Amino acid sequence: MFAPTDFPAESPLAEARAALALSYADLGLAPPAITAVAAGALPDAVRPRLDHVDGMTAALARHAGGPVSVNVQARTRDQGPGLDRLRRLVILAARTDGRPLALGLLSVDLLALPPSVAAEALAEKTPFGTLLADAGLPFLSRPRLFFTLAADAALVRLLGGTEGDALYGRLAHLAFTLPGAERPVARVVEILRP
């Protein structure tokens, strides 16, 4: 099991709740409650977009039938000795018509990236998974938790739908795949559009 050492050693549900709370705090809002669900309990319409080790961008592109764009809604950069972490709340959208496909709460260790890729991540013009793939960096996005939640006003504003709609998401850890090892690079909470 992949467990990055630089992320909290808490349960996946607590980790997902904490990531959601942190991003909502950046927006000045209280986060919605989430409930863990098993992969087998995910609806057929959402399971292929959540239950995989590809980057979410690739899964959404398959679902949408074309490329995906990123729209950054909020960002924070935490820096200090041995620390350079970019946190951002993004909407991944179909490039053809701009319809939202998913919300992503990304926390990426910029020090784990090659400098040119870190600069591209900071430019915020390309979805993170696409950025890694375009740079030829082998990676996987390993799901740690699947969950459900009810759409609140913030999610409706960002993704569409109606308050109270049942939404589904996941907590995943992204890692570079090296011969015989995985090197952690990011944590992401992803919530699909209704």
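A salt bridge is defined here as a side-chain nitrogen of Lys or Arg within 4 Å of a carboxyl oxygen of Asp or Glu. The structure holds nine such salt bridges. The model is predicted, with local features requiring pLDDT of at least 70 and side-chain atom pairs counted only at pLDDT 80 or more, whereas totals for chains, interfaces and linings use all residues. Residues are numbered from 1 along each chain as its sequence is written, and side-chain values use heavy atoms, without hydrogens and water.

One of the salt bridges pairs Glu15 with Arg187, with 3.9 Å between the closest N and O atoms. Glu15 belongs to helix α1 (residues 12-26) and Arg187 to strand β7 (residues 181-192), so this pair ties together parts that are 172 residues apart in sequence. Helices (H or I, at least four residues) and strands (E, at least two) are DSSP runs, numbered from the N terminus. Glu15 and Arg187 are both buried. Buried denotes under 20% relative accessible area, exposed over 50%, and partly exposed in between (1.4 Å probe, protein chains only).

Strand β7 also contributes Glu190. The side chain of Glu190 meets that of Arg170 in a salt bridge, at 2.6 Å from N to O. Arg170 lies in strand β6 (residues 166-178), so the pair ties together parts that are 20 residues apart in sequence. Arg170 is buried at 0% relative accessibility. Glu190 is buried too, with a relative accessible area of 5%.

A further salt bridge links Asp78 and Arg87, whose closest N and O atoms are 3.4 Å apart. Asp78 is partly exposed, at 28% relative accessible area. Arg87 is buried, at 11%.
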